[in-house]
Amino acid sequence: MLKKRLIPVLILRDGMVVQSVRFKHTNVIHWKPLTAVDFFDRWAVDEIIVLDVSRNKKQRNKFYQVVEELSQKCFVPLTVGGWIDSVNEIRKLLRLGGDKVVINTEAVRRPTLIAECAQVFGSQCIVVSIDARMKEDGTCEVYIDRGQEATGLDPVGWAREVQKLGAGEIFLNCIERDGFRQGYELGLLQQVTAAVDIPVIAMGGVFSWQHLVDGITLGGAEAVAAANIFHYTEHSTKKAKDYLRQAGIDVR
Amino acid sequence: MEYCKRCLYPANAKPAIIFDEEGVCSGCRYHESRQNIDWREREKLLREFLETYKKKFKEKGNPYDCIIPVSGGKDSHYQTYLMKVVYGMNPLLVTYNHAFNTPLGIRNLNNLVTQFGCDLIRFTANPTSVRKISRYMLKKVGDLTWHYHAGIRTFPFQVAVKYKIPLIVWGEHGFAELTGMFTLEDMVEFTKWTRQEHDMRGFEPDDLINDESGITWNDLAPYVYPTYEEIEELGVRGIYLSNFLYWNAKEQADFVISNYNFKTFSGKRDRTFSLYTKTDDHANDVHDYLKYLKFGYGRATDDASMEIRHGRMSREEGIEMVKQYDHVRPRTLDTYLKFLEITEAEFYDWIEPMRDPDIWEKNDQGKWVVNDSVVNHAHDEGIDHVRVQQVGDKTFSEHNKGLYYHDGLEENRESNEVAVRANRMDTLDFIVL
């Protein structure tokens, strides 16, 4: 069996790392994302995900610049996403140094894009991100465009669909849990991991290392991701990794 | 330029801020969020946390149970008061001496050690190395006090490792306080990356060694951070008291003035109306003037924004302060030009490429002018909607006259010592150890 992965996520807005709480940006943590990656890289992470959540594409060049700089410093796989809407855009990001890409909004609007990309770049390169929102009746719905647009899709059904279309991995976030310090939405995570064979990366809500363990042992995730928490304390990702290991999880 | 609708910060404020839907900045929201914290619970957490350290160190027979990095200012006094008097710890005080001391700062540092009966380790960087570093970093990133920030954030960790004291107690989280870099819920601790990215502008000591700078390893000893293994083995942690206690710098200054003989400036300062902040070094005026030359705002924006957030000053009164102070060329600039052995023209030339094009532009006469200021945003839409309720303790009331300078209140006061020192051109005199 593959080893479980630990993945810090950098949420980028106009080239700066911001803290996201329920998809709202509360503050800027790094004006220089390179520092964060530099430290994470030395602290035993398995992969780094960088997402451009800017409100518009005006400063997209800053994101390209960040990806290029990071790829030169980063010795683990670098996965990039946000505002990806075409094969050409992916080509550009891979040329700048990304190893994998994350697609969200456009995958819903034009599902054939997933198949097209999988064919051109291979499934292992394509991560489909799913942002789910809990409804009052306890069911979940997929949202796109940075959590603003409802799609009517059920996350579990949509996960099956993207697998069929050729996605290599699923990055699953829950909007209510995002930055909310309560742990992952385990119910949803369980349903999605049970429904698909491709790896699911859990995201959203980590505030203790135990939350990471829960994502794997209870949620069935292949990889556990978090953003905000890794910036708060010294040697954070290393401590998280140690904790996973002590909990009996097979990590690198 | 977009300006916060509550305080005075511009969108290009450093390190970095963002505005929410109401146009209020992350620094204001951080300040506001303190109302939602259960401070009794937090204080209890701190007390328990410190108890464990105290006990452990008693058992080990180590005389010191924590390190407080101090400059001798109001926060140093208050932190030491908390640790020693309130929590019964035995802190080792640690100072990185940056060489640009004011006599008032030296007086207050003496006072600190005497009042609280704490031991102090003070590392004095030699002025020749300081000059080299200061000059090079001024040219490189427009910062003539890089060595301060590097020293203040590094030397205490060297001491921690050497004396085997794994707990470092900082006061407020400065960046969180100004721009809301973190939230209070996150209980942020000191990290090497904040030191590197923010305090040291992305430079580690070895980045300074080259032919142009003339800087060698010998110049950089106080800025070399302990190794990962050393930090890990000892389990060094740096906590911020502002995560545990409601931090109110003004009231704390008042307290240490009344109870522990802390002294403030008297007379008008060049770049701010506050008389109790940044009392220990005379480079701050030039340092802050550089911020204005690069980003178009200065200390009056910082200090008035803090007053506004506390409700002691209205946004309009704050704007008056910005008008009065933010653009002022400090008198100590002459002294520093002499110390760094550069001309004023060189100084401005070096800074030219660092001027933020979002706020500065060159006019037809080749002169740099700001294209905007918070002064032009006194009546922006939405300001009334997000105002802070005013408190009774106004900044410029009579009983605060020792803390804030106001022309209306402070007639005929003696001019402050920074200004007097500016006229003395002997660099030996300028450096006070």
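This is a predicted model: local features need pLDDT of at least 70, side-chain atom pairs count only at pLDDT 80 or more; totals for chains, interfaces and linings use all residues.
**Exercise 1. Classify the ring pair of A:Trp209 and A:Phe230, then the ring pair of B:Trp39 and B:Tyr246.**

Step 1. A pair of aromatic rings is described by the distance of the centres and the angle of the planes. Over all chains, a search of the whole structure finds 30 aromatic pairs.

Step 2. For A:Trp209 and A:Phe230 the centres are 5.9 Å apart and the planes are at 15°. Planes under 30 degrees apart count as stacked, and the pair of A:Trp209 and A:Phe230 is stacked.

Step 3. This pair links distant parts of the chain, 21 residues apart: A:Trp209 is in helix α8 (residues 209-217) of chain A, and A:Phe230 is in the loop between β12 (223-226) and α9 (236-246) of chain A. A:Trp209 is buried at 17% relative accessibility, and A:Phe230 is buried at 0%.

Step 4. For B:Trp39 and B:Tyr246 the centres are 5.9 Å apart and the planes are at 80°, so this pair is edge-to-face. It also links distant parts of its chain, 207 residues apart, with B:Trp39 in helix α2 (residues 39-60) and B:Tyr246 in the loop between β5 (237-240) and α10 (249-260) of chain B.

Step 5. B:Trp39 is buried, at a relative accessible area of 16%, whereas B:Tyr246 is partly exposed at 38%.

**Exercise 2. Describe the surroundings of B:Phe244.**

Step 1. B:Phe244 lies in the loop between β5 and α10 of chain B.

Step 2. Its relative accessible area is 10%, so B:Phe244 is buried.

Step 3. Leaving aside neighbours within four places in sequence, the residues in contact with B:Phe244 include B:Trp39, B:Leu45, B:Leu46 and B:Ile239.

Step 4. The C-alpha atoms of B:Phe244 and B:Glu172 are 9.8 Å apart, and the two residues are separated by 72 residues along the chain.

**Exercise 3. Describe the contact between chain A and chain B.**

Step 1. Chain A gives 26 residues to the contact and chain B gives 27 residues.

Step 2. The two chains bury about 2,500 Å² between them, with 55% of it on carbon and sulfur atoms. In chain A, the residues that lose the most area to chain B are A:Trp31, A:Tyr232 and A:Glu234, together 23% of what that side buries.

Step 3. There are 2 salt bridges between chain A and chain B. A:Arg181 and B:Asp186 meet through their side chains in a salt bridge, 2.9 Å from N to O. Polar contacts across the interface join 16 residue pairs.

Step 4. On the side of chain A that touches chain B, β2 (16-21), β3 (24-30) and α1 (33-42) each give two or more residues. The largest share, 7 residues, comes from β3(A).

**Exercise 4. Is helix α14 of chain B enclosed or open, and what follows the helix?**

Step 1. Helix α14 covers residues 332-340 of chain B, and 7 of its 9 residues are buried, so the helix is largely enclosed by the rest of the structure.

Step 2. Among the buried residues of α14(B) are B:Leu333, B:Tyr336 and B:Phe339.

Step 3. Just after α14(B), B:Glu341 has a positive phi of about 60°.

Notes
Residues are numbered from 1 along each chain as its sequence is written. Chains are lettered from A and ligands numbered from 1 in the order in which they are written. Side-chain values use heavy atoms; hydrogens and water are left out. Rings of Phe, Tyr and Trp (its six-membered ring) pair if their centres lie within 6.5 Å; planes under 30 degrees apart count as stacked, over 60 as edge-to-face and the rest as tilted. Helices (H or I, at least four residues) and strands (E, at least two) are DSSP runs, numbered from the N terminus. Buried means under 20% relative accessible area, exposed over 50%, partly exposed in between (1.4 Å probe, protein chains only). Contact means heavy atoms within 4.5 Å. Buried area is the accessible area (1.4 Å probe) that two parts lose on being put together, summed over both. A salt bridge is a side-chain nitrogen of Lys or Arg within 4 Å of a carboxyl oxygen of Asp or Glu. A polar contact is a pair of N or O atoms within 3.5 Å; within protein, one must be able to donate a hydrogen and the other to accept it, and residues adjacent in sequence count only if both atoms are side-chain atoms.
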